[in-house]
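Please consult the sequence and the structure shown below.

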Amino acid sequence: PIQLFDFSTRARCLSSVKILKAGPSEVQVVDGQDYRIAGQEKEKTALVIPIGDSLLEPYWPQGLGVNRGFHTSLNGVYSALMLRDCGIECAMSSQIFANQAVNFYSWGTVPILTPPETWSSSYTSRFNPTLLDELRRANVASQQ
């Protein structure tokens, strides 16, 4: 079900990106982890990217929701650019990795961001290169 601004229960998205594929008689939802499957019919697909607090439950005892929301919004914009420039596989893998970068460290404990004057919509301009390298190594290790 679709939830827009529904705070009657605590809920969160389980995937940082999904694909809507239009078929002849129905719309199919493809999980973000299956992005290679989704790229087969590019003209009939739509990228769905939750941003802000929808990726985590909207409860922030440290007051960090705006910070994460800001960065997930930029990640969504960057993924939309990747969709336009290099296709759905590139956009979805970028969105998944950028979401992992937002959640990889606890905010405030490690300097995970670069100076703001260097930022663009690309997560590589905003996140500390050391963090991104550690995240890549962690992803490789989890796949072995």
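Which residues do ring pairs link into a cluster? In this predicted model, the cluster formed through ring pairs consists of Y78, F97 and Y123.

**Aromatic pairs**

- The count of aromatic pairs comes to 3.
- One of them joins F70 and W119, whose ring centres are 6.0 Å apart; because the planes stand at 40 degrees, between the limits of 30 and 60, this pair is tilted.
- F70 belongs to helix α2 (residues 65–86) and W119 to the loop between α3 and α4 (123–126), so that the pair links distant parts of the chain, 49 residues apart.
- F70 is partly exposed at 41% relative accessibility, and W119 is partly exposed at 25%.
- F97 and Y123 also form a tilted pair, with 5.6 Å centre to centre and 50 degrees between the planes.
- Because F97 lies in helix α3 and Y123 in helix α4, their pair ties together parts that are 26 residues apart in sequence.
- F97 is buried, at 11% relative accessibility, and Y123 is buried, at 11% as well.

**Strands β1 and β3**

- Strand β3 (residues 45–48) pairs with β1 in the antiparallel sense over 4 bridges.
- T45 in β3 is the bridge partner of K21.

**N103 in helix α3**

- N103 is located in helix α3 (residues 88–104) and is partly exposed, at 34% relative accessibility.

Definitions and conventions. Residues are numbered from 1 along each chain as its sequence is written. This is a predicted model: local features need pLDDT of at least 70, side-chain atom pairs count only at pLDDT 80 or more; totals for chains, interfaces and linings use all residues. Side-chain values use heavy atoms; hydrogens and water are left out. Two strands pair if DSSP finds at least two bridges between them. Helices (H or I, at least four residues) and strands (E, at least two) are DSSP runs, numbered from the N terminus. Buried means under 20% relative accessible area, exposed over 50%, partly exposed in between (1.4 Å probe, protein chains only). Rings of Phe, Tyr and Trp (its six-membered ring) pair if their centres lie within 6.5 Å; planes under 30 degrees apart count as stacked, over 60 as edge-to-face and the rest as tilted.
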